[in-house]
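Hello,

I am passing a structure on to you, and my notes on its aromatic rings follow below. Please have a look when you get a moment.

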Amino acid sequence: MKSIYTIVLAFAYIVLFNVSASAQGCVAVRHMSCAAPAGSADYFKQRNGHWQVSAGYRFFRSYKHFVGAEEQTQRVEQGTNVINVSHALDLGLTYLVNQRLSFSVNLPLQNNDRSSLYEHYGNAVAQNPQQKRFHTGSQGIGDLRLSGSYWLVNPVKLPKANLAVGLGVKLPTGNYQATDDFHKLTKEGVDYTINKPVDQSIQLGDGGVGVSVELQGYVSLTKTLTAYANGFYLFNPRETNGVIRSPEATTIDLVTGSFSVADQFAARVGLSQSIKAVPGLAIMLGGRVEGVPAIDAFGGSSGFRRPGYIVSVEPGVSYMRHKTSIAATVPVAVYRNRITSYADRLDPLGLKHGDAAFADYLVSINVSRWF
């Protein structure tokens with residue numbers, strides 16, 4: 001019974017501590033893995049001073065545009081939609097001070113591709129007779145995260161309920177001014193390129209120092225069934241990072257001319273069930289929400305941003321053996337909302353409401369190993 005209970009709790013820890021706020025389209029939620037003081041059933045057997053290494057792969061393809069909660073289906077039908085494809089590898093290292101306190105460092109490696117019409121020749125047939133689509137991209141490290149987490153009750157005692165609190169610092173190690181070539185046409189129809197910053201959604205970092213707060217907990221409902229919940233909020237007090245979106249423009253909009261350094265948030269709740277027939281195997285089903293607010297908790301909110309959020313149903317599975325654990329989840333979007341931005345709300349007529357593209361699902365695979 002104790003071994004089954006341990007498996008349930010260990011899976012709950014995988015679910016809780018591998019939460020990742022990940023951009024699922026033009027709403028620029030940065031790839032970010034949270035601290036992981038536990039990642040396998042052997043967590044309870046670890047002695048002080050042991051280390052855990054982890055790697056998490058994440059993928060999404062966004063292509064559906066929304067204004068508010070309304071999908072702009074004509075964009076896909078007309079082929080004028082923006083398509084973002086993102087691959088990320090989150091590398092993590094955790095030091096277990098004792099069974100309750102741990103410190104972690106996480107660094108994402110990213111490869112982003114974005115294709116569109118409007119950023120190049122344009123969407124209109126008059127501007128772009130052949131409706132040519134061009135690509136821009138970015139590759140490299142993202143923003144580094146240092147964090148700590150503390151369990152209020154010693155997990156070794158196998159409490160039926162527990163809560164962990166976490167605090168982190170996000171450093172601007174990712175390139176927030178990545179550039180690429182954009183295709184343009186002269187009046188005579190001759191193609192030329194200009195090099196300028198890529199879209200905010202595929203920038204590797206946001207250029208600000210942030211502070212994150214996390215709450216993570218679980219309740220054991222039966223010997224094999226556990227409820228879990230967690231919340232994450234990143235405070236980004238810097239208002240803008242100074243990167244001019246369109247340096248070729250004759251005039252620069254003082255409100256949206258440069259990229260905003262936005263807050264972000266994520267939360268999850270669900271159930272995990274261990275499978276008695278296969279020791280170490282567990283399945284999970286939960287809900288997930290993540291996004292970018294229009295107004296930051298601290299600091300100004302001007303600059304260009306696409307605020308919004310995604311609500312997903314999140315099935316998952318994990319397997320733990322000895323000191324190694326593997327977990328996979330596939331959050332499937334059930335509700336997407338591109339809310340009005342700070343700049344939109346300055347419109348005296350209240351008519352401005354920008355759009356954003358979202359993905360249908362996100363693939364997340366995490367592997368960890370204790371040493």
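Let me begin with Tyr309, which counts as partly exposed because its relative accessibility is 25% (buried means under 20% relative accessible area, exposed over 50%, partly exposed in between, with a 1.4 Å probe and protein chains only). Tyr335 is also partly exposed, at 33%.

Before the rest, some background: this is a predicted model, where local features need pLDDT of at least 70, side-chain atom pairs count only at pLDDT 80 or more, and totals for chains, interfaces and linings use all residues. Residues are numbered from 1 along each chain as its sequence is written, and side-chain values use heavy atoms, with hydrogens and water left out.

Searching the whole structure gives 7 aromatic pairs (rings of Phe, Tyr and Trp, the last by its six-membered ring, with centres within 6.5 Å; planes under 30 degrees apart are stacked, over 60 edge-to-face, the rest tilted). One of them is Phe66 with Phe358, edge-to-face at 5.6 Å centre to centre and 80° between the planes. Phe66 belongs to strand β1 (residues 51-67) and Phe358 to strand β19 (residues 356-370), so this pair ties together parts 292 residues apart in sequence (strands are DSSP runs of E, at least two residues, numbered from the N terminus). Both Phe66 and Phe358 are buried.

Back to the tyrosines: the ring centres of Tyr309 and Tyr335 are 5.9 Å apart with planes at 40°, so that pair is tilted. Ring pairs also join Tyr233, Phe235 and Phe298 into a cluster.

Best wishes

Conventions:
Helices (H or I, at least four residues) and strands (E, at least two) are DSSP runs, numbered from the N terminus.
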